[in-house]
Amino acid sequence: MNSPPETPSAAERPAVTDAELLTAHINGDPHAFSEIVKRHRDRMWAVALRTLGDPDEAADAVQDAFVSAYRKAATFRGEAAVTTWLHRIVVNACLDRMRRKSVRPVADDELIEAAERETPLPDQTVEREVSMEVSAALKLLPADQRAALVLVDMMGYSVEDAAQVLQVPSGTVKSRCARGRAKLAPILSHLRNRTDLNRVSSAKGAELRDG
Amino acid sequence: MTGDTHYDLETLAELAEGLLDATTARQVREHLAVCDPCGELLADLAAVREVLAATPTPAMPMGVALRIDKALAAEAESRRGGGVGLAEPPDWDELMRDAPWERPAGVREPARLGAVASADAPELSEVPEVSEPVRLGVVSDDGTIVPARSRTMRRRRWAMPAVAAAAAAVVVGTAVASTNLLADGGDGGAGSAPPPVALPVQPSAQETPSPDRSSQRARAYKLTDSSYNYSDSALRMPLAGLLAPAPALHGDSESAGQVAKCVSAVSNRSKLTVFAVDQGQYNGQEALIVASWKQRAAKKVRIDVVDPFNCKNLRKPALGRW
């Protein structure tokens, strides 16, 4: 993964890599896996929360994923980075939840989320508002497009890294991103004027226009 | 597509990703050079990336982190696999301190306890959680999640200290009652019981050891009769301000049985723990306002408004604040 850095506190733990921790875990070190969890849980949480759009679901998915990683550690093959492997398990857990959810007839959660949108908390900042709008908009996308956009546009991973996590070719990731952005553009375009994004996007537009 | 024909967002997005073949890409660029509306669309597309990138990604809440630690500890424990009991019981209060989840307990002990004790300890949800603490699933090789194998052994071992703790929390636990409960805990809560909610327990000989208590019905929620006429906007306010001031009703009132029926119906629908019920009106119509914890730490509640006769929803269940 290209960003953010692999270990949050590189200064404190200069020597031990994720792969070494995983090996230690397989060899019975009772603390090794918790260290891996500590290092990566925030990013796993972010991926799950953005992909699923619901904190309860995200918590279940991340928990399932970490427990599963704990059990399957021995089957981890060193050719991928540990983070890629963890991301893959988390994303698969999320996608699986989304598939199951779309079959479930109960619309209770949607009701409650709708109520949440109608009832903005008074202390809500603009940032939170934007964040909720983004969450709501992402939910309108098909699961595969959402997962690609979360990894590439929100988490800032390279297309290649995202392709490894999703286990599809890079071209597929690009095309999912493109289609997802095309769907989001009309929904989120009004946010363009709220921030200083104008400048950036015009520059980008000009650059593309000029080839 | 050339000249004055505009391009759609998808084509423009594919251009930005370099997915178009060279010829098409050149045509689109030529068009963009002269077409302001399409240029705007392209800017919108770029803005999507910027907005997504700028959306903050919050850190994992402490409650979730603790839950995961606990799940992994349970996993480690099951892996060690010995038949011996836990060296020390888990400190449930500590583990659940910041957890924003109020899950309906899936084990029957707390429901019984609550029913026996709630005359003195009306907050059933204060009883430490003793349900199987985590829902485990395994990601199988094709990436799907399958339920973890059942682990009766572990659950059984955990049931004992938890019940003991719960029993300790009961002020009036008589020797007879606790003995029954502990014996009950021994079967490890096989199967799942309905959420520990609501049904006023009919006094029966073995559950009410002291005769002076037999006239009291125990309920797991606070029942009030405010007669307030609720509206949707009122229900968007924090509910505590509306429900808490009304005096709690104790013992029998002619409507208590009907209320219990509706509370039970609501909790079966929502799978959440009902903790407060108010008898009032909704837009001028007699109604029960039923509050269940959605996320207790965040004071998030699910509010069901039902008619007190058939327990039918008078409006869609919604999220509110306590």
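## A loop residue of chain A with positive phi

Gln167(A) sits in the loop that joins α8 (159–166) to α9 (170–188) of chain A, in what is a predicted model. The phi angle of Gln167(A) is near 55°, which is a positive value in a residue other than glycine. With a relative accessible area of 52%, Gln167(A) counts as exposed, because the cut-off for that class is over 50%.

## Helix α7 of chain A

Helix α7 of chain A spans residues 143–154 and is mostly covered, ten of its twelve residues being buried. The buried set of α7(A) includes the charged residues Arg146(A) and Asp153(A), together with Gln145(A), Ala147(A), Ala148(A), Leu149(A), Val150(A), Leu151(A), Val152(A) and Met154(A). Just after this helix, Gly156(A) adopts a positive phi of about 80°.

## Packing of α2 against α3 in chain A

Helix α2 (residues 32–52) and helix α3 (residues 55–72) of chain A pack with their axes 9 Å apart and at an angle of about 140°, and the crossing of α2(A) past α3(A) is right-handed. On the side of α2(A), the contact is made by Phe33(A), Val37(A), Arg41(A), Met44(A), Trp45(A), Ala48(A), Leu49(A) and Leu52(A). The residues that α3(A) brings to this contact are Pro55(A), Glu57(A), Ala58(A), Ala59(A), Ala61(A), Val62(A), Phe66(A), Ala69(A) and Tyr70(A). By residue class, the contact of α2(A) with α3(A) divides into 15 nonpolar and two charged residues, with no polar ones.

## Nonpolar cores

The largest nonpolar core has 84 residues, and those with the most contacts inside it are Phe33(A), Val173(A) and Leu184(A). Helix α2(A) supplies the largest share of this core, with eleven residues. Leaving aside residues up to four places away in sequence, Phe33(A) touches Leu22(A), His25(A), Phe66(A), Ala69(A) and Tyr70(A) of chain A, and also Leu72(B) of chain B.

## Chain B as a whole

Chain B has eleven helices and seven strands, and 45% of its 322 residues are buried. Of the contacts in chain B between residues at least 6 apart in sequence, 62% join residues that are at least 24 apart. The accessible surface of the chain comes to about 15,400 Å², and carbon and sulfur atoms account for 54% of that area.

Cys262(B) belongs to helix α11 (residues 256–270) of chain B and is buried, with a relative accessible area of 0%. When residues up to four places away in sequence are not counted, Cys262(B) touches Leu288(B), Val306(B), Asp307(B), Pro308(B) and Cys311(B).

Cys311(B), another of the residues touched by Cys262(B), lies in the loop between β6 (300–306) and β7 (318–321) of chain B. Although Cys311(B) is not a glycine, its phi is positive, at about 65°. The relative accessible area of Cys311(B) is 4%, so this residue is buried, whereas Gln167(A), which also has a positive phi, is exposed at 52%.

Conventions
Residues numbered from 1 in each chain as written. Chains lettered and ligands numbered in written order. Predicted model: local features only at pLDDT ≥ 70, side-chain atom pairs only at ≥ 80, totals over all residues. Heavy atoms only, no water. Helix = DSSP H or I, 4+ residues; strand = E, 2+ residues; numbered from the N terminus. Buried < 20%, exposed > 50% of the residue type's maximum accessible area, 1.4 Å probe, protein only. Contact = heavy atoms within 4.5 Å. Areas by Shrake-Rupley, 256 points an atom, 1.4 Å probe, with all protein chains shown as cover. Axes fitted to C-alpha atoms, helices over the stretch in contact; angles between N-to-C directions. Left-handed = near helix turned anticlockwise from the far one by under 90°. Core = buried A, V, L, I, M, F, W, Y, C linked by side-chain atoms within 4.5 Å.
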